[in-house]
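Q: I am new to this structure. Please take a close look at one part of it, then show me what lies around it and elsewhere.

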Amino acid sequence: MPLPNATYRLQFRNGMDFEKAAGLIPHLAGLGISHLYASPIFSAVRGSGHGYDIVDFDEIDPLLGGLDGFRRLASDLKAHGLGIILDIVPNHMAAHFENRWWHSVVEWGRSSGFAGHFDIDWRQPLTLPFLGGSFEEELAAGKIRPAFDRDRNCLAFAYHDALYPLNPGSYPVVLENCSPALDRLIAVANRAEPSDAAAFRAGIASAVETPSVAAALDEHLQRVSADRPFLERLHQMQSWRLTSWITARDNLSYRRFFEIAGLVGLRVEDPAVFEATHRCALGLVEAGMIDGLRVDHIDGLADPEDYLHRLRERAGEHTYLIVEKILEASELLPENWPVDGTTGYEFISTLAELLTDESSKLWNDGHRSATKMAVTACKLQVLRHNFNTEVKRLAGLAACLPDDDAPSTDDKRMAEAIRLLIAAMPVYRTYLSGRGASERDRQILGEIAPEARAAAPEVGAEIATIVARLKSIDGCADRQMAAQFRTRFQQLSGAVMAKAVEDTFFYRRGDYLAANEVGAAADWTPRGVDRFHERMRERASRSPSGLSATSTHDTKRGEDARARLHVISEAPELWAAAVARWRDMNRARHQQGADAPEASVEQFLYQSLLGTWPLEPLSDPKDLAFLQERMSNFAVKALREAKLRTSWDSPDEEYEAAVTAFLRDMLDWRHREFLDDFEKTAKPFVHAGLINSLSQTLVKLTAPGIPDIYQGSERLDLSLVDPDNRRAFSPRPSLSELPQRPTIRDFEDCKQALIGLCLNYRRGRGAELLAKGGYLPLDVQGPAGRHAAAFMRCAQDGLSVTVVPRLVFRHLDGDSLFLPAGLWQDTHLLWPEDRAPTRLRNLATGETVEPRRSIPMRELLGSFPVAFLFPE
C-alpha cells in the first residue's frame, strides 16, 4: 500500500455517522486528503460521545450505520481514491452491562468463559465501585433491591438503571420459601453451567413466560426486598461486591484505564483475547476496507513490542500502522517496533520551537528545577490518591516475591518505594519483558534509583529490591509473579505521567499555556529554529511516515488557539501589564468571601480566553452567551484537573460556582470596560497568531511526516479541550485560488486553500519528494533573519523550499496577513553551496523566483504570508 498523502481525523458520534461522513467525501478529495482517519467504530456504550468505551469488538455500531453502512462508506471513499485508517482500542473496554463479556464475568465470576479476558485480581471478590455510597447505606436508603432482568432473563440486584446479575448458584437462596410455582426456576438454576449460559437463559425465559410464574416471582422479590439482613447475606454470596465509587482509588480488583473505573483493562497479551478483540478489525483489513490501523494508548499494554509484532503479522506488511505514543524530549520510538510511526504529538512540541521566542523573559535559570519539583509533587499526589489502589496492589505483589538477600519489609515501605521510583521516571514507561532489559531501560532504572533514594533514604533497601526485580528475569523463583509485578509497574508509570503532567500540572501552570500540550515536556524551554531543524532532520531519518498533528481529539487547545498563545512569548511584559489591569477591573466581580478565582487561576483564564477569542468583534449577545458557556464549562474541568481546591472525586461546588460566576459576570454585555479593553489588547495577539497559524500549517504540509487534519481545522480552530473540540462542524468549499494580499478576514479561506494547494501538490508532482525526501535547513541572513525559517526537501531528482515567518508581533501592518516589505530589508534566503540555484515557482502566488545564491526575502513573502517553492 502506498503511504497516505494526508489523513483527515473524523470523530464519529456526536451527530456524525457513516452516511454523513460519505457526504464529506467530495470536500476531502478536493483538499487532497488520501485517507479518512476514523475514531473507533465498534459498538460502544449507548450515548457515548467518543467510542473508546467499546462493548462489542465484533459489531460495527448500528447507531453509526452498522456493517452495511460502513461498507458503503468504504466503497464511496475508494470510488474517489480515498482509504480508511481505523482507530483500534486494545487496552480496555467498557465495564458496562451492555458489554456481554463483562455481564458474564459479573454473573458467573471466575467460572465465566470471559474471566481471563479482563485484567482482574481474582484473589478477592470483583469490586464494582458504582454506588453513590456504601452498599449498606444504599440498601438502607431503599436504592438496592432484588429484581428480574427481563432483557437478559436473570435475577439481579437493581440499582437505579443498572441490573447486577446474581450468580445462578445463589438462586435457590433467593427463592427460598417461595411459591411452588417458582420451583422450575430453581431446577433450571441447579443445572446451570457457565459453559452453556444460553441454555440457562432459555430455561429461565421459558419458565417466566407463564403469567402465573412471572407474577409469583414479582411477588416474591417484592417480599424479600424488605429483608435487609437477607439481602446483605445474598450480596456476600456473590463473586463481586458493590461498593461506593469513591473506594476505587483505594480498593479495586481490576486494572482500569488511567483512573476511570468504567473502563476495564484487557489481557490482550493472551492470544485468545487478542483474537477475540481484533477479529472484526483484521477482517476489515483482509477484506480491503481498511488500509491502516491506529493503536490507541500503546503504553497501557503488558508488552507493546510483542503485541505490535503479532498485529503486524496478522495485518500484513502493507497495512499502515501507527501508535499513540507520547515521546518525551529526547526519547525515540523503539526501533524494534514494526510500525510506521506515531500519531504525531511530538510534532506539536517541535512546532513550539519555531513559534516561541527563545529569548523571552518567561524562562529563567530556575525554571527547570522549579518545574521538576512541581511535577514530582503532582506525581506523588496522584500516586497517593488517584492511583493508591494500583500502588497497593504492586506493593502486595512485591511482598510476595521471595528473596533471601532482600531485607524483610512491610507493604507501606514497599509502597513508598514504588511511588518514589515512578515519580522519578523521566519517560512514560520502560519496556522490560521476559526478553530482558534494553540498554535504554537499564539506563533509566539506573537514573531513577538514586533520585528516589535521595528523596527517602529510609526506604533505600526497598528501592534497591524493586529495581533488581525490574531488571532481572531470573532472580526470583516465582517468575510468573515477577513478570506480573514488572508489567504492572510499567503500566502504572505511564498512567501516572499522563495524569500528573497533562491532566494536573498543565492545568496549574498558567504563564504560557501554549506549552501545556499533550506530548510536551513539562520542563521544556525553547531553543528556537536550530532545535526545530534538528528535530526535523531526526524525523526525516527516523520517522518520515509518522503523522504530523497540530490538533487532535486529545489536544488541550485547537491549533489556531495555540498558535495565538505562542505570541505571548514575544511580549510577556505587555501581556503581564494587561493581566494586572484586568485584575483591577474585575476585582469587584470576585465572590465575597470565596477568594475565587485566585491570581494563578485568573491568569489561566485570561490566556484561555485569548485562545478562544473570536476574530470578529463581539456584537451579538448570543455569541457572547455562547462564549460564556464554553468558558464556564472549560473552567470547571480545568479546576478539577488541577486538583488544588476541587477535583473530580471531591468537587467543591461552591468554589466552582464562584469561579464560573466571576467568568459570567466578566463576560456580561453590560461590562463593556473589560470587554473593550480585552478586545483592544487581544487584537495584535490575534493578528500575529493568524500568521503563526499559516506558518505552522505550511510546515505541517511540507515537513517530514504525513499531514493530519483534525475535523474542521482546515479552517479556524479555536476549540478548547474535549468535549469542546468534539463539536459539530460544517465544511465550506475551498477557493479555487489563494486570496492575494490577504487580510485578517481572509484567514480561513487562506488556510483552507493553502491546505488544498499543498496536499494536491503532495498527491501529484511532489508525492515521492515529500514522502521520502531529505531535510536540509536553509539560512536566512540579515537584520530580520530571526523572523523567518526555511528548509529544503531534497531528493535526487527534485526539491522544494518552504519559507515561513515567525516572531512577527512587533511587525504587523494594519489588518494585513503578510508583513511589510520594510521588515525584510537586506534580509536574504541563502541557497545551499553544494546545489546549483534553480528557477522556482511560488505555489501560493504563482510568482517566479529567479535562480541565485541569495534570494531577497521580500520577493518570497511580499504578497502572501508564507511561501512554498518548487522548480519550474
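Start with N364: is this residue buried or exposed?

A: N364 is exposed, because its relative accessible area is 52% (exposed means over 50%, buried under 20%, partly exposed in between, with a 1.4 Å probe and protein chains only). This is a predicted model, where local features need pLDDT of at least 70, side-chain atom pairs count only at pLDDT 80 or more, and totals for chains, interfaces and linings use all residues. Residues are numbered from 1 along each chain as its sequence is written, and side-chain values use heavy atoms, without hydrogens and water.

N364 lies in the loop between α13 and α14 (helices are DSSP runs of H or I with at least four residues, strands are E runs of at least two, both numbered from the N terminus). N364 and M289 are 75 residues apart in sequence; their C-alpha atoms are 53 Å apart in space.

Now the rings. The whole structure holds 33 aromatic pairs (ring centres of Phe, Tyr or Trp, with its six-membered ring, within 6.5 Å; planes under 30 degrees apart are stacked, over 60 edge-to-face, the rest tilted). One of them joins F57 and W101: their centres are 6.3 Å apart and their planes at 35°, so this pair is tilted. F57 sits in strand β4 and W101 in helix α4, so the pair ties together parts 44 residues apart in sequence. Both F57 and W101 are buried.

W363 lies in the loop between α13 and α14, and W524 in the loop between α19 and α20, so their pair ties together parts 161 residues apart in sequence. Their ring centres are 5.9 Å apart with planes at 90°, so the pair is edge-to-face. W363 counts as buried, because its relative accessibility is 14%. W524 is buried too, at 13%.

Elsewhere, one aromatic cluster includes W575, W582, Y606 and W613.

Charges meet rings as well. R310 has its charged end over the ring of F274, 5.4 Å from the centre (CZ of Arg or NZ of Lys within 6 Å of the ring centre and within 35 degrees of the ring normal). R9 does likewise over Y37, at 4.4 Å.

Helices α11 and α12 pack at about 35°, with axes 10 Å apart (axes are lines fitted to C-alpha atoms over the stretch in contact; angles run from 0 to 180 degrees between N-to-C directions). Their contact includes F274 of α11 and R310 of α12 (heavy atoms within 4.5 Å).
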